Amino acid sequence: MVGNSKKHIIRKMRVFMFVYWAMMLSVTGMYTMYLGDIGFTKGEIGIAVTIYMVSALIGQNVFGYLADKTGNIKKVFTLSTATGILIATLLAFAKSSIQIYVLIFLWGFFICGTVPLSDVWCINSLKASNELNDYGKIRGFGSIGYGISGVLLGLTLQFFGWKAYYWYIAACVCLTLLAIFAIGDKEEKAGIKGTKDNKKASKEVSAIDALKEIIKIKPLVSMVILIFIYSFVVKGIYNYLGVLIGDYGGGPLNLGFTYFFDASPEIVTFFLTTRLLRRFHSKKLVFVAFLLQTLRLTFILIFNSALAVTLLGTLSGFAYGLLSSSYKTYLYELAPEKYKASCMSLCETTIGMSAVFSAPVFGFLFDKFGANFTITFGLVIYIISVIMLLWNFRMDRKANVMNTGTVLRQ
């Protein structure tokens with residue numbers, strides 16, 4: 001009976017992750033191309049992307065607090081997700097740029113603001129069933145949903161036009177609500193327990209003391225800076241993927257398949273997370289992620305086409321999977337025992353700010369200089385990062401050799 005109960009929880013969480021990330025793709029994946037289609041300039045799209053990123057960061061903190069305060073993740077998730085139906089409906093009737101900006105802010109706040117909450121809900125439920133090691137596999141189903149949704153939405157827009165966009169969003173939101181309702185009381189109790197435990201712990205932690213302790217850990221600060229740089233370029237290009245595809249002559253179907261090729265390799269790396277981390281140090285996996293992104297941008301410049309951007313999404317997918325499966329574990333291990341939760345929250349918020357800074361920068365570059373110059377700009381940042389990492393590895397090896405020699409002489 002216990003085994004069946006565990007399988008039941010895992011099945012429900014797989015379905016939830018699948019439809020949740022399919023819903024996320026419905027807006028986040030296509031809204032920049034949609035805005036271009038209805039007449040927004042690249043500069044105006046840049047404003048929309050910045051609004052979306054800022055609202056998502058605000059939403060993450062608000063809904064995290066509400067979940068801790070109420071001890072009921074399911075209720076918070078239901079109310080926030082349900083707003084997606086209203087947003088989709090209003091988007092169909094929006095006429096002015098101000099109205100669309102407001103709706104994008106609401107989508108970022110209410111829907112994208114729940115991304116960390118989805119992970120917490122899943123982890124808490126798995127902890128209660130002693131199945132925490134299955135998190136990577138369950139999150140992999142989210143990548144499957146994201147990729148398939150990209151293809152389905154691309155095909156839908158190709159055959160029915162942008163008038164079908166609002167209906168697709170509403171349908172995805174409804175499916176996500178059904179998946180949330182399907183998670184019953186037993187699974188929800190796990191989430192309640194987790195949030196109450198976090199609430200109790202948060203009362204014992206001083207935010208100022210936590211920040212002081214975290215800053216003292218140089219390897220941790222260095223990793224956060226490294227991931228910030230990585231995310232600055234990735235998010236800067238990813239948020240304007242619709243613009244990039246359009247500049248290279250592609251349409252919604254090209255963009256949809258780009259998300260499919262981007263998400264598919266994530267499944268492999270999420271499923272292999274444990275094995276990879278046993279064999280390789282986290283920093284080496286981060287280095288490989290930088291290297292893959294460097295190759296991706298180089299090949300995009302060489303082939304200079306929408307098809308190249310689509311197919312090379314596989315490199316980006318592998319890079320994201322490697323990065324996600326390594327740096328979070330690394331930061332968690334380095335964090336002070338008393339401040340692990342605060343440390344992870346602060347690090348993720350800092351890294352998330354990279355998207356806020358990159359949105360106006362890359363929006364300006366796409367608008368004023370075009371796709372090739374913008375890709376080159378990102379490529380230069382990655383090349384410098386790869387060189388710096390190689391130099392860092394060399395210094396680490398020298399330090400290890402010196403330490404070994406000292407021990408042998410003693």
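Predicted model: local features only at pLDDT ≥ 70, side-chain atom pairs only at ≥ 80, totals over all residues.

Modeller: The crossing of H4 and H8 is left-handed, a crossing being called left-handed if the near helix is turned anticlockwise from the far one by less than a right angle, and right-handed if clockwise. Residues are numbered from 1 along each chain as its sequence is written, and side-chain values use heavy atoms, with hydrogens and water left out.

H4 covers residues 73-93 and H8 covers residues 165-182; helices (H or I, at least four residues) and strands (E, at least two) are DSSP runs, numbered from the N terminus. The two pack at an angle of about 165°, and their axes are 9 Å apart. An axis here is a line fitted to C-alpha atoms, for helices over the stretch in contact, and the angle runs from 0 to 180 degrees between N-to-C directions. H4 and H8 are therefore roughly antiparallel to each other, given that angles over 145 degrees count as roughly antiparallel, under 35 as roughly parallel, 65 to 115 as roughly perpendicular and the rest as oblique.

From H4, the residues that meet H8 are Lys74, Phe77, Thr78, Thr81, Ala82, Gly84, Ile85, Ala88, Leu91 and Ala92, where contact means heavy atoms within 4.5 Å. From H8, the partners are Tyr165, Tyr166, Ile169, Ala170, Val173, Cys174, Thr176, Leu177, Ile180 and Phe181. Sorted by class, this contact of H4 with H8 holds 15 nonpolar, four polar and one charged residues; Ala, Val, Leu, Ile, Met, Phe, Trp, Tyr, Cys and Pro count as nonpolar, Asp, Glu, Lys and Arg as charged, and the others, Gly among them, as polar.

H4 also holds Val76, which is buried, with a relative accessible area of 9%; buried means under 20% relative accessible area, exposed over 50%, and partly exposed in between (1.4 Å probe, protein chains only). Leaving aside residues up to four places away in sequence, Val76 touches Phe63, Leu66, Ala67, Thr70 and Leu117. Of these, Leu66 lies ten residues from Val76 along the chain, and their C-alpha atoms are separated by 7.2 Å.

Two residues of this contact also take part in aromatic pairing. Rings of Phe, Tyr and Trp (its six-membered ring) pair if their centres lie within 6.5 Å, planes under 30 degrees apart counting as stacked, over 60 as edge-to-face and the rest as tilted. By this rule the model has 29 aromatic pairs. Among them is the edge-to-face pair of Tyr34 and Tyr166, at 6.1 Å centre to centre with 90° between the planes. This pair links distant parts of the chain, since Tyr34 sits in helix H2 (residues 31-37) and Tyr166 in helix H8, 132 residues apart. Tyr34 and Tyr166 are both buried. A further pair, Tyr230 with Tyr382, is tilted, at 5.8 Å centre to centre with 45° between the planes. Tyr230 lies in helix H11 (residues 218-238) and Tyr382 in helix H20 (residues 371-409), so this pair ties together parts that are 152 residues apart in sequence. Tyr230 and Tyr382 are buried as well.

As for the whole, the secondary structure of the protein chain comes to 20 helices and zero strands, and buried residues make up 51% of its 410 residues. Among contacts between residues at least 6 apart in sequence, 85% join residues at least 24 apart.
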